[in-house]
Amino acid sequence: MKPRMLKENVHSVGAVDWDRRLFDELIPLPDGTSYNSYLIKSGEKTALIDTVDPTMTAVLMRNLDELNIRKIDYVIANHAEQDHSGSLPAVLSRFPEATVVCTPKCKPMLTDLLLIPEHKIKAVEDGEILSLGDKTLEFIHAPWVHWPETMFTYLREDRILFTCDFFGSHLATTDLYVTNEAAVYEGAKRYYAEIMMPFRSVIPKHLERIKPLQIDIIATSHGPIYGRPKFIIDAYTDWVMGEPKNIVVLPYTSMHGSTRAMVEYFVDALAVRGITVKQFDMARSDIGKLAMALVDAATIVVGTPQVLFGPHPNVAHAVFLANVLHPKLKFASVIGSYGWGGKMLEQITAMIPNLKLELIPPVVIKGYPKEEDYKALERLAQAIFEKHKESHLA
Ligand code: FEO
């Protein structure tokens with residue numbers, strides 16, 4: 001995309017990556033992403049907020065040419081991860097007078113990851129102010145959204161908060177601003193689930209910290225920017241602090257149909273009790289959709305056959321993800337089938353030390369389900385319904 005103006009002398013100069021389909025070699029990006037970078041010109045000084053992924057350096061440079069930029073005084077690095085810092089070496093090579101500005105924790109990360117010389121980096125304290133002449137930047141340390149060194153930058157005169165990953169969405173679009181809130185809600189929730197949810201315990205503090213600021217625009221470094229900041233602040237408030245909902249997430253795999261028969265019966269048994277079920281066949285599902293379902297769910301039930309004395313690896317993957325993503329889940333159980341014995345229950349429970357869950361007695365059967373097994377599934381569905389009711393979710 002060519003440069004676009006947010007406010008007088010504030011331009012978006014980053015890149016849209018329409019074709020990227022995987023992040024960290026793990027996270028699906030069905031709608032691509034963007035690496036947003038912002039140029040602020042002032043009477044005396046010029047600052048660049050974040051750079052772009054190194055694969056998109058040429059786009060950033062072209063945009064700086066379009067704006068006829070001959071000198072950059074400061075490059076603000078809100079985050080050291082390479083999708084935002086990766087073009088720093090190229091920017092410093094072209095604008096050798098520029099100083100990189102970041103948190104004290106970010107400084108050694110930039111030298112370690114990108115080999116930026118220490119003398120090129122100025123570490124700023126929380127609340128520190130940098131005057132550009134006509135415009136003023138305020139730095140707000142915001143650790144763990146996404147790494148320990150992350151910060152926000154607030155442009156006082158224009159009331160713009162630059163939050164880098166925080167509030168972002170993996171969404172390639174030609175729209176500078178959010179135009180379709182429903183579509184962006186989906187992308188932002190996927191982003192929150194995959195990137196921010198593991199750190200949800202620190203997020204209320206950051207939301208509280210930005211509350212007193214007058215914010216007209218939230219400009220993230222992924223996805224379109226928010227001209228109505230309340231939209232994304234309200235969404236985060238719900239995802240982070242809202243009670244879990246009357247939802248069961250059911251990741252499962254079936255090899256020969258026994259576990260599938262149990263899952264199909266069990267889903268109906270939950271649904272007739274008014275519980276929403278989100279089931280994922282782990283041989284085929286997008287793990288981003290599973291992560292999004294975990295944002296609101298009260299209960300996870302894992303459906304697995306026994307393979308080589310433990311859970312099926314596809315389901316083990318889902319359990320591992322649930323543990324590291326650290327959702328608001330309250331209850332868990334397991335349903336599944338085995339042929340001759342094993343330790344899949346012990347292995348599954350050992351994989352979720354981060355989750356403080358109440359385990360509801362599982363239904364693990366031998367072979368294909370029989371009449372008494374369906375009755376056991378009915379009892380499990382009723383037990384989940386009662387737990388949700390006691391928690392005022394049903
Ligand atoms: Fe978009 Fe944590 O980098």
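## A pair of side chains, and what surrounds it

The side chains of Thr 299 and His 388 are joined by a polar contact of 2.7 Å. A polar contact here is a pair of N or O atoms within 3.5 Å; within protein, one must be able to donate a hydrogen and the other to accept it, and residues adjacent in sequence count only if both atoms are side-chain atoms. Please keep in mind that this is a predicted model, in which local features need pLDDT of at least 70 and side-chain atom pairs count only at pLDDT 80 or more, while totals for chains, interfaces and linings use all residues. Residues are numbered from 1 along each chain as its sequence is written, and side-chain values use heavy atoms, with hydrogens and water left out.

Thr 299 belongs to strand S19 (residues 297-307); helices (H or I, at least four residues) and strands (E, at least two) are DSSP runs, numbered from the N terminus. Its relative accessible area is 0%, so Thr 299 is buried. Buried means under 20% relative accessible area, exposed over 50% and partly exposed in between (1.4 Å probe, protein chains only). Leaving aside residues up to four places away in sequence, Thr 299 touches Ile 247, Val 248, Val 249, Leu 329, Phe 331, Ala 332, Ile 384 and His 388, where contact means heavy atoms within 4.5 Å.

| Residue | Location | Relative accessible area |
|---|---|---|
| Thr 299 | strand S19 | 0% |

With residues up to four places away in sequence not counted, Ser 169 touches Thr 33, Val 184, Gly 187, Ala 188, Tyr 191, His 222, Gly 223 and Pro 224. By the same rule, Val 315 touches Tyr 252, Thr 253, Val 302, Gly 303 and Thr 304. Val 315 and Glu 264 are 51 residues apart in sequence, and their C-alpha atoms are 17 Å apart in space.

What span does helix H5 have between its end C-alpha atoms? H5 (residues 181-196) spans only 20 Å, whereas a straight helix of 16 residues would span 22 Å at 1.5 Å a residue; the expected span is 1.5 Å times one less than the number of residues. Asn 180 caps the N-terminal end of H5, with a side-chain oxygen 3.1 Å from the backbone nitrogen of Ala 182.

H9 is itself largely enclosed by the rest of the structure, because nine of its 10 residues are buried. Among them are Ile 287, Leu 290, Met 292 and Asp 296. At the start of H9, a side-chain oxygen of Asp 286 comes within 2.6 Å of the backbone nitrogen of Gly 288.

## The whole protein

Stepping back, the protein has 12 helices and 23 strands, and its C-alpha atoms fill a box of roughly 80 × 40 × 35 Å along the principal axes. Of its 394 residues, 58% count as buried. Among contacts between residues at least 6 apart in sequence, 73% join residues at least 24 apart.
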